[in-house]
Amino acid sequence: MDAEAAGSGRETPRRRGQGELEAAVLSVLGEASEPVTAAWVLRRLGGGLSYSTVITILTRLHAKQAVARTGPRRPVLWQPVADEAGLAALRMRRLLDKQSDRDAVLSSFVSVLSPDDEDLLRSLLAESGPDAAGPPADRPKG
């Protein structure tokens with residue numbers, strides 16, 4: 001807090017992290033029953049954000065394929081493609097895709113899972129079935 005803000009009794013607002021803002025925008029978009037404008041998102045977010053900040057977050061989410069936008073017509077409309085869990089999954093996949101030794105990364109990941117998470121992962125893999133992604137030899141390597 002700076003001296004002027006301290007003297008006036010006002011606090012400088014806490015700066016939110018990019019991930020926190022992305023999650024908030026996705027949450028607001030998830031409440032919409034149809035594609036919406038950035039102004040609609042801004043009104044529902046509140047908290048003193050600027051319009052340009054909301055556009056920046058929406059653009060980043062679009063680049064991550066977590067939201068879709070309409071074509072060149074105005075106003076641009078936005079809608080979620082992924083929820084917060086889907087966005088985390090996209091991030092995890094992107095990190096995995098950058099690794100040269102996918103087997104080692106996945107093996108390390110599984111080795112640090114809690115027993116409950118490991119059981120859940122096994123269950124999810126079993127539900128997806130053996131043909132869901134094709135045999136390992138047919139899958140493209142990183």
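Which side chain does E22 meet in a salt bridge? The side chain of E22 meets that of K64, with 2.7 Å from N to O, a salt bridge being a side-chain nitrogen of Lys or Arg within 4 Å of a carboxyl oxygen of Asp or Glu.

## Basis of the model

This is a predicted model, in which local features need pLDDT of at least 70 and side-chain atom pairs count only at pLDDT 80 or more, while totals for chains, interfaces and linings use all residues. Residues are numbered from 1 along each chain as its sequence is written, and side-chain values use heavy atoms, with hydrogens and water left out.

## Overall build

The protein has 7 helices and 2 strands, where helices (H or I, at least four residues) and strands (E, at least two) are DSSP runs numbered from the N terminus. Read from the N terminus on, the elements follow the order α-α-α-α-β-β-α-α-α. Of the 142 residues of the protein, 21% count as buried; buried means under 20% relative accessible area, exposed over 50%, and partly exposed in between, with a 1.4 Å probe and protein chains only.

## Packing of α3 and α4

Two packed helices are described by the angle between their axes and the distance between the axes. Helix α3 (residues 38–45) packs with α4 at an angle of about 110 degrees, and their axes are 9 Å apart. That angle makes α3 roughly perpendicular to α4, a label used for 65 to 115 degrees, whereas angles under 35 count as roughly parallel, over 145 as roughly antiparallel and the rest as oblique. The axes are lines fitted to C-alpha atoms, for helices over the stretch in contact, and the angles run from 0 to 180 degrees between N-to-C directions.

The crossing of α3 and α4 is right-handed. A crossing has this hand if the near helix is turned clockwise from the far one by less than a right angle, and is left-handed if the turn is anticlockwise.

## Salt bridges

Side chains of opposite charge can pair when their charged atoms come close. The structure holds 4 salt bridges. The pair of E22 and K64 links distant parts of the chain, since E22 lies in helix α2 (residues 18–31) and K64 in the loop between α4 (51–63) and β1 (67–69), 42 residues apart. Both E22 and K64 are buried.

In helix α7 (residues 115–128), E118 and R122 lie 4 residues apart, about one turn of the helix, and their side chains meet in a salt bridge of 2.7 Å, N to O. E118 is partly exposed, with a relative accessible area of 24%, whereas R122 is exposed, with 54%.

## Backbone features in the loops

Most residues other than glycine have a negative phi, and most peptide bonds are trans. Q65, in the loop between α4 and β1, has a positive phi of about 65 degrees although it is not a glycine. Q65 is exposed, with a relative accessible area of 55%.

A cis peptide bond, with omega of about -5 degrees, joins R74 and P75. P75 has its place in the loop between β1 and β2 (78–80), and R74 is found in the loop between β1 and β2 as well. R74 counts as exposed at 69% relative accessibility, and the C-alpha atoms of R74 and T37, 37 residues apart along the chain, are separated by 9.5 Å.

## A nonpolar surface patch

M92, F109 and V110 make a nonpolar surface patch of about 250 Å². F109 is found in helix α6 (residues 102–111) and counts as partly exposed at 38% relative accessibility. Patches are made of residues with over 30% relative accessible area and no salt bridge, with like charges joined within 9 Å and nonpolar side chains (Val, Leu, Ile, Met, Phe, Trp, Tyr) within 5 Å; the accessible areas come from the Shrake-Rupley method with a 1.4 Å probe, and for residues only the protein chains shown count as cover.
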